[in-house]
Amino acid sequence: MTNVSGRTRVAAVIGDPVRHSLSPAIHNAAFAALGLDWVYLALPVPAGQARAAIRGMRALGIEGLNVTMPHKTAVAKVVDRLTPAAEALRAVNTVARIGGELLGDSTDGTGFVNALRDDEGIDPVGMRFLVVGAGGAARAVVRAVGEAGAAEVVVAARRSRQASACARLAGTAGRVGTVEEVGEVDVIVNATPIGMGEVVAFPGTATTPVDPERLSPGQLVVDLVYEPLVTPLVAAARERGVASVNGVGMLVHQAALAFRLWTGEEAPLAAMSAGALTALGSSH
Ligand code: NAP
């Protein structure tokens, strides 16, 4: 960062809000670790300006973009090509220049699976998952674990149409269910904001999306929330001797996939993780 020159290449995240994004900390740590002459910025882009932002990317020669709220769907409509994941989810979180074309990808789902495999030593093949929530993160996770060979992917969400659409992304392994089934799966994924700040479960006031009393050792709890680092769900699982992780692993692994797409280099995962944790620590 201190050596920005005329040759420095640029990557960025677009969204609104975007000032609290951890992506600059993660990617700039990675560029520094590998000594790459790249810089990563956060660019606030208001709703309705996704098309203009992508035109700007082409004109300015920006090498890579991450895309966050509220642009993921709009960007999927204006890039030149989509990966199968982005096509299925109709959402893009990463744009890369490949030759003269802009490729739109969605790295969240594969990031989730890679985090499970690399960090927890768990392969989704034959596993039963309960995913709570049916929004963007849930859709990415459900599709990815379905594709990775999960035996069953149960989606529990408060809106049934969204839940059905989400469950379908896992193909024949997917079905709609309820959080009451928490005791019957191998991996429980919180893909809602419950536990983040003041967000509680609707319609009650629980700070966990499932009843922790129903968890048992041998299960794995993955909370996609990472602020706070120890969420109420992670804490409750730990108290009962149940393995649990927060969302930092997925966050870092989805970034690693984008990094590799842009730079062609293997991502320095440890440096990226340290960058994320430092930024999270300094944001409190
Ligand atoms: P989203 O698209 O807005 O979806 C949120 C889902 O949670 C929806 O199904 C929503 O239901 C449900 N929900 C929200 N509040 C709820 C409540 N109080 N009780 C029950 N259900 C509730 O958001 P998203 O992008 O999927 O993100 C979900 C969470 O995952 C966020 O906390 C986000 O920070 C985290 N995330 C983490 C990563 C990572 O890399 N670790 C990546 C992406 C997202 P309705 O549709 O009915 O509102």
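Which helices each supply at least two residues of the shell around the ligand? Helix H6 (136–147) and H9 do, and I'll come back to that shell in a minute.

First, the ground rules. This is a predicted model, so to speak: local features need pLDDT of at least 70, side-chain atom pairs count only at pLDDT 80 or more, and totals for chains, interfaces and linings use all residues. Residues are numbered from 1 along each chain as its sequence is written, and side-chain values use heavy atoms, with hydrogens and water left out. When I say helix or strand, I mean DSSP runs numbered from the N terminus: H or I with at least four residues for helices, E with at least two for strands.

OK, the sheets. Take the one with S1 in it. Six strands make an open sheet, in the order S2-S1-S3-S5-S6-S4, and the pairing is mixed. Pairing here needs at least two DSSP bridges between two strands. At the edges sit strand S2 (38–44) and strand S4 (81–82), each pairing on one side only. Strand S1 (residues 9–15) and strand S3 (residues 64–67) run parallel, joined by four bridges. If you want one to click on, Ala11 has Gly64 in S3 as its bridge partner.

Two helices to look at on that sheet. Helix H1 (residues 23–34) packs on it, touching S1, S2 and S3, where touching means heavy atoms within 4.5 Å. The direction of H1 makes about 170 degrees with that of S2; axes are lines fitted to C-alpha atoms, for helices over the stretch in contact, and angles run from 0 to 180 degrees between N-to-C directions. Then there's helix H9 (residues 248–263), packing on the sheet with contacts to S1, S2, S3, strand S5 (94–98) and strand S6 (101–105). H9 makes about 15 degrees with the direction of S5.

Glu63 is in the loop between helix H2 (50–60) and S3. Glu63 and Arg97 are 34 residues apart in sequence, yet 6.0 Å apart in space, C-alpha to C-alpha. Leaving out residues up to four places away in sequence, Glu63 touches Arg9, Val10, Trp38, Met57, Val95, Ala96, Arg97 and Trp262.

On to the other sheet. Again six strands and open, in the order S9-S8-S7-S10-S11-S12, but here the pairing is parallel. Its edge strands are strand S9 (174–176) and strand S12 (243–245), and the twist averages 20 degrees from one strand to the next. Three bridges connect strand S8 (residues 152–156) with S9, and Val154 has Arg175 as its partner in S9.

Back to the ligand. There are 21 residues around it, and Ala134, Ala137, Arg158, Arg159 and Val200 come nearest; being around it takes a heavy atom within 4 Å. What does the shell look like by class? It has 14 nonpolar, five polar and two charged residues. Nonpolar covers Ala, Val, Leu, Ile, Met, Phe, Trp, Tyr, Cys and Pro, charged covers Asp, Glu, Lys and Arg, and the others, Gly among them, are polar.

Ligand nitrogen atoms come up with Leu224, at 3.1 Å from a backbone N or O atom, and with Gly247, at 2.9 Å. Taken alone the ligand exposes 920 Å², and the protein buries 73% of that, by Shrake-Rupley with a 1.4 Å probe.

Most residues other than glycine have a negative phi, and most peptide bonds are trans. The Asp16 to Pro17 bond is cis, omega near 5 degrees, with Pro17 in the loop between S1 and H1. Met69 and Pro70 are also joined by a cis bond, omega about 0 degrees, and Pro70 is in the loop between S3 and helix H3 (72–76). Arg90 has a positive phi, near 50 degrees, in the loop between helix H4 (84–89) and S5.

Conventions: A polar contact is a pair of N or O atoms within 3.5 Å; within protein, one must be able to donate a hydrogen and the other to accept it, and residues adjacent in sequence count only if both atoms are side-chain atoms.
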